[in-house]
Amino acid sequence: MFKKIFSRDIVLCVALGANVNNADEWLKYAEREMRGDRSHSKMTMTIQTPNWNRTLEIESDVEGKKQALSTIQSPPKEKGIRTLRIENKMWNYFPKLKRKVAVSSSMLLASWMGSDFTNDDILKASSMAEDYNHKFGKDEGEFKVIENTAKSNSKVMWPKIVTLASKDDCLPRMYKYYDKEDKLRRTLTFSNIKNFDGHKVPAHWEMVPEENKTKKTIIDYKSLSFDVKFKPDHFSQKNLTSN
Amino acid sequence: MKNASILLTLLLSLPILAGVDVDLSGNVEGQFRHVKNNEEADEPPLFQDWNQENFYLLYGNINGKIEMGDSRLEANWFGRFSQSELYNPDPLFGIERDSYLATSIYTFPNKLVARDVFQLQSVDQNGNYQIESVLNKFYYEWDYEEHRFMAGRIYVNYGLGEIFNPINPFNQPTALTAISQVAQGNDGFSFTFFADDKHTIQFLLLGDKRIEGYDGQIDRTLWAHGEYQYSESIQLDYVIGEDQNRQKIGGQLSYQLEEALIFSQILYQSKNVKNEPSNDLFDILLGYDEQLTSKWHLRVEGGHQKKNNYATFTSFERFLPTEYFVAIANLYEVHPLLKVNATIINDIKSGFTYLIGKGTYNLSKNTEAELFGYVPVGTGDEAENLAQKLVTTDIGVGLRMFF
């Protein structure tokens with residue numbers, strides 16, 4: 001039924017009927033559209049400063065909301081490094097030294113591979129719908145504003161995230177991350193909506209930290225396939241350490 | 001060493017068959033280091049009678065891998081060229097001498113193979129230079145369901161200790177050195193059973209000819225290492241076995257606090273099982289790890305390793321730390337391109353303190369430069385460890401490339 005309502009052939013937020021006033025459903029729809037149940041993607045991550053750029057090529061596999069495995073394909077220094085996420089646990093694997101390192105909670109603040117994304121982003125990226133309460137804010141022009149406030153029992157780094165979503169396609173165009181003092185700390189923007197394997201997904205992401213706006217991290221999706229079949233042990237310690 | 005080159009060439013030149021992935025990667029680094037000797041090293045019994053010198057180092061790895069379904073064949077060749085007048089000391093009392101001992105510090109880890117049956121390595125010292133060549137990884141790996149089998153010269157890498165990691169005798173921590181992308185190989189077999197995502201156990205059967213000499217018998221290692229995720233915040237590692245003619249048992253317990261990780265390691269080693277003169281050994285480590293801010297990472301390690309009364313002090317089996325130690329390591333990202341590392345390590349008993357500073361700058365996608373300094377300070381009058389007197393004051397620069 002849900003799928004039928006959100007049939008991509010007729011997708012428009014205004015067509016969502018009563019759900020247009022339900023922020024939870026709005027976010028769930030966006031997650032379903034962008035993530036699917038299982039996906040394989042190839043992307044570039046560019047860390048950009050005024051004088052210097054550094055680009056990583058990454059392949060990423062995702063199943064559900066709790067399992068993900070990414071492998072860096074270039075540059076040579078990082079080639080082969082893998083990150084596995086299962087539930088709330090995360091490991092990095094450095095194949096040249098055959099070294100597996102569990103990413104502890106103490107490391108969640110740390111930058112992932114020198115980017116503006118943290119280990120926490122990689123670990124918790126999918127929990128927006130579960131760890132936050134959602135309500136609509138005042139519309140900003142063509143965008144619907146959704147305020148995501150951390151649930152009292154959830155362990156999240158950002159107490160508040162504000163989502164700006166397009167009224168046309170329901171997909172997010174911006175996440176604003178606020179700290180405990182309600183101060184804006186960083187902004188993630190989405191653009192270049194593309195059709196990947198029947199799903200509409202922003203192909204261009206930009207994360208800009210407020211403390212240094214001259215620096216940003218850009219993710220560009222090169223390919224994205226959905227409903228990919230993975231081996232039963234694809235998201236496992238064994239597979240993590242097999243390259 | 002020709003054998004090693006041939007093996008590597010064969011590995012990399014196998015025909016590319018359907019479904020076979022071939023990968024070649026590596027790194028090379030050149031270093032210049034200006035070093036100043038500890039004045040006390042000049043005295044008997046050390047006789048390290050030099051003042052200041054330069055030390056040049058060029059080292060690199062070439063790593064090749066062939067992957068066929070659930071099987072892998074992988075090799076790594078490590079080469080190192082070092083040049084300094086420290087390799088060529090003047091005769092003492094008319095007697096020719098080996099290199100000054102400090103050269104062992106600058107080329108740590110000296111042994112690129114921890115448990116060695118098939119030499120596959122060469123060291124050539126001539127005049128004021130030394131050339132080393134070693135195939136420190138060469139193994140076949142096969143995955144079958146929840147099992148993994150490995151045979152050959154393998155890396156064994158586990159344990160949370162970065163400065164001291166007693167539960168893993170098969171790979172020396174290199175956090176205190178200026179060398180990177182280096183691990184030690186071990187000759188033998190490994191069998192791993194992945195029971196589930198909470199429990200993995202690895203069995204090792206390794207051999208070592210270094211103790212008896214290459215013409216002697218193989219000293220065996222029988223070893224088990226398990227990882228058990230007890231709960232979301234507690235992980236237990238256990239080790240048990242016989243290694244280098246000692247029975248060893250120990251483990252690691254790590255506990256995740258909300259914003260930090262604390263961990264401890266204990267390892268007990270019996271006396272020599274062949275009844276050679278020895279004392280039993282006991283190592284303990286306590287560690288604390290926290291990402292203080294998004295740019296600042298703090299690591300504290302402290303511990304004790306019971307003194308081996310029968311070890312020769314020049315062996316550098318354990319470069320640092322010493323009998324009792326505490327170390328504080330800070331890593332700070334000054335800029336996306338620049339990371340600074342400052343470490344201080346203190347021998348509580350002797351008062352010996354060692355400061356290490358490193359700054360690493362990304363010059364390009366494949367190249368980084370490193371400026372480093374090593375300064376021994378606070379050498380106590382009651383220093384019991386002669387090796388501490390060998391630690392020099394260094395400043396150096398390195399250029400590192402990856403391909």
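A residue counts as buried if 20 or more other C-beta atoms lie within 10 Å of its own, as exposed if 12 or fewer do, and as partly exposed in between, with C-beta atoms placed from the backbone. This is a predicted model: local features need pLDDT of at least 70, side-chain atom pairs count only at pLDDT 80 or more, and totals for chains, interfaces and linings use all residues. Residues are numbered from 1 along each chain as its sequence is written, while chains are lettered from A and ligands numbered from 1 in the order in which they are written.

**Helix α2 of chain A**

Helices (H or I, at least four residues) and strands (E, at least two) are DSSP runs, numbered from the N terminus. α2(A) covers residues 23-35, 13 residues in total. From first C-alpha to last, α2(A) reaches 18 Å, close to the 18 Å expected at 1.5 Å a residue; the expected span is 1.5 Å times one less than the number of residues. Its buried residues are A23(A), W26(A), L27(A), Y29(A) and A30(A). They lie on the same side of α2(A) because they cover an arc of only 155° around the axis. That arc is taken over the directions from the helix axis to the C-beta atoms. The buried residues of α2(A) pack against α4 (128-131), β7 (132-136), β8 (143-150), β9 (160-166) and β10 (172-178) of chain A. G36(A) follows α2(A) and has a positive phi, near 65°.

**Strand β6 of chain B**

Strands pair if DSSP finds at least two bridges between them. The table lists pairings of β6(B), residues 129-144.

| Partner of β6(B) | Sense | Bridges | One bridge pair |
|---|---|---|---|
| β7(B), 147-155 | antiparallel | seven bridges | Y139(B) and G152(B) |

β5(B) and β6(B) form a hairpin with two residues between them, and G127(B) in the turn has a positive phi of about 65°. β6(B) and β7(B) also form a hairpin with two residues between them; here E145(B) in the turn has a positive phi of about 50°.

**Interface and confidence**

28 residues of chain A are in contact with 31 residues of chain B. Contact means C-beta atoms, placed from the backbone, within 7 Å. On the chain A side, β1 (38-49), β2 (52-63) and α5 (237-240) each supply at least two residues.

Chain A has a mean pLDDT of 84, with 89% of its residues at 70 or more. pLDDT is the predictor's confidence in each residue, from 0 to 100. Over residues 1-11 of chain A the pLDDT is below 50. Where pLDDT is low, the predicted coordinates should not be read in detail.

Notes: Two residues are in contact if their C-beta atoms, placed from the backbone, lie within 7 Å.
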